[in-house]
Amino acid sequence: MPRVLLVEDTPDIALWLAAALRQSGLAVEIAANGAHALAQLMPGHGWDAVLLDLQLPDVDGLGVLEQLRQ
């Protein structure tokens, strides 16, 4: 089953999206902020995809993406 990390800081949106993705046959974990996302995206976690909100409260989505590319 493909694994998706959903990075979303608005709980209602995160729960709704996660439910929709799970109904599509995906395994979904939610990260509520950029710092949590970066911790989950360390090598060895094996994500198949990341859905990344750009407007996060601590490290914004573009900051997360920049750090991943380094």
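This is a predicted model: local features need pLDDT of at least 70, side-chain atom pairs count only at pLDDT 80 or more; totals for chains, interfaces and linings use all residues.
Residues are numbered from 1 along each chain as its sequence is written. Local features need pLDDT of at least 70, side-chain atom pairs count only at pLDDT 80 or more, and totals for chains, interfaces and linings use all residues, while side-chain values use heavy atoms, leaving out hydrogens and water.

**View 1. Three parallel strands make an open sheet.** The order is S2-S1-S3, where strands are DSSP runs (E, at least two residues) numbered from the N terminus and a pair needs at least two DSSP bridges. Strand S2 (27-31) and strand S3 (49-52) sit at the edges, each pairing on one side only. On average, neighbouring strands here are turned by 20° against each other, direction ignored. Five bridges link S1 (residues 3-7) to S2, and arginine 3 stands opposite alanine 27 in S2.

**View 2. Helix H1 lies across the strands.** Residues 11-23 form H1, a helix (a DSSP run of H or I, at least four residues). H1 reaches across S1, S2 and S3 and runs at about 165° to S2; angles go from 0 to 180 degrees between N-to-C directions, with axes fitted to C-alpha atoms, for helices over the stretch in contact (heavy atoms within 4.5 Å).

**View 3. Helix H3 has buried and exposed residues.** Down the axis, the buried residues of H3 fall within an arc of 160° (taken from the directions from helix axis to C-beta atoms), so they line one face. Their cover includes helix H2 (34-40) and S3. On the other side of H3, Glu66 and Arg69 are exposed (over 50%; partly exposed lies in between).

Methods. Buried means under 20% relative accessible area, exposed over 50%, partly exposed in between (1.4 Å probe, protein chains only).
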